[in-house]
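User: I would like to go through the terms used for this model and see what each one rests on. Please set the values against the definitions as we go.

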Amino acid sequence: MTNRTPLMAGNWKMNLDHQEAIATVQKLAWTLKDAKHDYASVEVVVCAPFTDLRSVQTLVDGDKLEVRYAAQDVSQHESGAYTGEISATMLAKLGCAYVVIGHSERREYHAESDALVNAKVRAAFGKGITPILCVGEGLDVRKAGDQVSYTLAQVEAGLADLTKEQVAQIVIAYEPVWAIGTGEVATPEDAQEVCGAIRALLAEQFDEEVAAATRVLYGGSVKSSNVADIMAKPDVDGALVGGASLDPEEFAKIVRFQ
Ligand code: PEP
């Protein structure tokens, strides 16, 4: 038994304008209300584009929704001459509880290194925002059988210089790159292998208490049809859901994972 509250986070990526975002969150909240969803037993987060955050904030505050929201990236810098960047202070002001950091699409298309990812993690914590740190191997690494060592190296680098308290609070999302947006879902055993190894690393590098507290999610083609088997694994504490989170009824089913 653990006391980790499962977390289901929907990553909209570069989809949904601010009006569509409002409609999506409303539909999600209504669907979960009909299902009598208890947000204290499974936390629900939407990871929205920057341009949607203010609208989502207004809706959530106005309707007193229990859905929480996140940005999909943050600058490592505090403020200043960084055209196009968004700071953790700005996100905190918009009420973001979480921020996705180091998603494989950012690592790949924006050449984000482990050092940059770590700087962003520290910037988020500095303003009271919980990072959702994404890690995971590509197909070549998986084929070579090196998924555990590769992913653990990313975790170690991402957590550099954090306090024990921060590591207990952070959310780590294991997302094998070959399973993202491909329809190719890792088996529950694949997910458990790496999520379990991440928890063992936390126990070794910090302590058992930290390892028991940190939430480790799985991400990669999660749908309502496969989520229950993945959630049955002892070291999987939730899911980071891309494509399927754009459909609020489907995402509500994933949140319920029954
Ligand atoms: C993601 O974007 O983090 C993701 C897991 O995408 P998908 O669910 O579409 O594979």
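This is a predicted model: local features need pLDDT of at least 70, side-chain atom pairs count only at pLDDT 80 or more; totals for chains, interfaces and linings use all residues.

User: How do you know which strands close into a barrel, and in what order?

Analyst: The barrel is made of 8 strands in the order β1-β2-β3-β4-β5-β6-β7-β8, with parallel pairing. Strands here are DSSP runs of E of at least two residues and helices are runs of H or I of at least four, numbered from the N terminus. Neighbouring strands of this sheet are turned by 25° against each other on average, direction ignored, where axes are lines fitted to C-alpha atoms, for helices over the stretch in contact, and angles run from 0 to 180 degrees between N-to-C directions.

User: What makes β3 and β4 a pair?

Analyst: Two strands pair if DSSP finds at least two bridges between them. Strand β3 (residues 68-71) and strand β4 (residues 98-101) are joined by 2 bridges and run parallel, so they meet that definition. Within this pairing, A70 has Y98 in β4 as its bridge partner.

User: Which strands pair with β6?

Analyst: β5 is joined to β6 by 4 parallel bridges, and V135 has Y174 as its bridge partner there. β6 also pairs with strand β7 (residues 215-219) in the parallel sense over 4 bridges, with A173 standing opposite L217.

User: Why is L116 called partly exposed?

Analyst: A residue is buried if 20 or more other C-beta atoms, placed from the backbone, lie within 10 Å of its own, exposed if 12 or fewer, and partly exposed in between. L116, which lies in helix α5, has 16 C-beta neighbours inside 10 Å and therefore counts as partly exposed.

User: Which residues of β6 are buried, and which way do they point?

Analyst: In strand β6 (residues 171-174), V171 and A173 point one way and I172 and Y174 the other, and all are buried. In a regular strand the side chains alternate between the two faces of the sheet.

User: What is the make-up of the shell around the ligand, by class?

Analyst: The shell has 5 nonpolar, 7 polar and 2 charged residues, where Ala, Val, Leu, Ile, Met, Phe, Trp, Tyr, Cys and Pro count as nonpolar, Asp, Glu, Lys and Arg as charged, and the others, Gly among them, as polar.

Conventions. Residues are numbered from 1 along each chain as its sequence is written.
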